[in-house]
Amino acid sequence: MRNWVRWLHRIENGILTVLVLILVALAGAQIIMRNVFGGGFSWTDPFLRTLVVWTAMLGALAAVREDKHIAVDVLQRFLPPGAQRLARVLTLLFAAAVCAALAWYGWGLVGVDLDGDAKSEFGLPNWLLESILPIGFGLMALRFVVRAFATPTHVPGLSAPELLHDAGRMNAGDEGQAR
C-alpha cells in the first residue's frame, strides 16, 4: 500500500515541477518578447495568473503532505507533551474544517461557471481553471485530518527541518531500506 502512495507523491511532485518550469519559462519568454519586440501574446498574462493559482494550490497540498505548512506554535512549546499533542490535533482539525469550507465554497464558484459557457482568454472553460480550488482544498482537508492523528515529523516549538522527531527519523530510515 505504501508503494502506491509513494508513486502518487512522485506524480504530484512531477506535476508541480512541470507547472513551475512552465511558469518560469513562459514568464521569461513574455518579458523578453515585451522588451525586445515591444509586445507579447495576449493570452500569456491570464494563463500565468492561472498557473500561479494551480501551483500555489499544489504546493500547499505538498506542504501539508510533508507537514511543512505554516504553523504558529508559540504557545505549544510551553505546554506539557500531552497538551502539545492535543493542541496539535485541535489545530490541524481546525485547519481541516477551514479547508473543507473553502472547498465547499470553491465548488459553488465552479458551479456558477459550470452552468454558463464562459471561457478564459486562452480558450479553456472557466470552470475547468477554477476546479483546482475545491479539489485542492478538499484534498488539503483530508490531509490535515490524517496529519492530526499521525506522528509529527518535527519537534514542536522548533522549526528547523533537520531537527526531526525520532519517529520521523525511523520512518525515513524505513523508506531508505525499502528502496
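This report describes the confidence, salt bridges, aromatic contacts and a few individual residues of a predicted model.

## Basis and confidence

Residues are numbered from 1 along each chain as its sequence is written, and side-chain values rest on heavy atoms, with hydrogens and water left out. Because the model is predicted, local features need a pLDDT of at least 70 and side-chain atom pairs count only at pLDDT 80 or more, whereas totals for chains, interfaces and linings use all residues.

The protein chain averages a pLDDT (the predictor's confidence in each residue, from 0 to 100) of 81, and 83% of the residues score at least 70. Among the helices (DSSP runs of H or I with at least four residues, numbered from the N terminus), α5 (residues 132-149) carries the highest confidence in the chain, at a mean of 93, while α6 (residues 166-178) carries the lowest, at 47. The pLDDT is below 50 over residues 158-171, a stretch that has 12 contacts in the model beyond near neighbours in sequence, a contact being heavy atoms within 4.5 Å. Over residues 175-179 the pLDDT is likewise below 50, and there the model has three contacts beyond near neighbours in sequence.

## Salt bridges

Side chains of opposite charge can pair when their charged atoms come close. The structure holds four salt bridges, each defined as a side-chain nitrogen of Lys or Arg within 4 Å of a carboxyl oxygen of Asp or Glu. In one of them, glutamate 12 meets arginine 143 at 2.7 Å, N to O; because glutamate 12 lies in helix α1 (residues 2-37) and arginine 143 in helix α5, the pair ties together parts that are 131 residues apart in sequence. Glutamate 12 is buried at 12% relative accessibility, and arginine 143 is buried as well, at 18% (buried means under 20% relative accessible area, exposed over 50% and partly exposed in between, with a 1.4 Å probe and protein chains only).

Arginine 65, buried at 10% relative accessibility, forms a salt bridge with glutamate 66, with the closest N and O atoms 2.9 Å apart, and glutamate 66 is partly exposed at 36%. Glu12, Arg65, Glu66 and Arg143 are linked in a network of salt bridges. Another bridge joins arginine 34 to aspartate 45, whose closest N and O atoms are 2.2 Å apart; this pair links helix α1 with helix α2 across 11 residues. Arginine 34 is partly exposed at 42%, as is aspartate 45 at 27%.

## Aromatic residues

Rings of Phe, Tyr and Trp (its six-membered ring) pair if their centres lie within 6.5 Å, with planes under 30 degrees apart counted as stacked, over 60 as edge-to-face and the rest as tilted. By this rule there are two aromatic pairs. Phenylalanine 41 and tryptophan 43 are stacked, at 5.7 Å centre to centre with 20° between the planes, while tryptophan 43 and phenylalanine 47 are edge-to-face, at 5.9 Å with 70° between the planes. Phe41, Trp43 and Phe47 form one aromatic cluster, in which phenylalanine 41 is partly exposed at 45%, tryptophan 43 at 32% and phenylalanine 47 at 22%.

## Two helix residues

Threonine 44 lies in helix α2 (residues 44-65) and is buried, with a relative accessible area of 1%. Not counting residues up to four places away in sequence, threonine 44 touches Leu26 and Gln30.

Leucine 142 lies in helix α5 and counts as exposed, at 55% relative accessibility. Leucine 142 and arginine 65 are 77 residues apart in sequence, and 10.0 Å apart in space from C-alpha to C-alpha.
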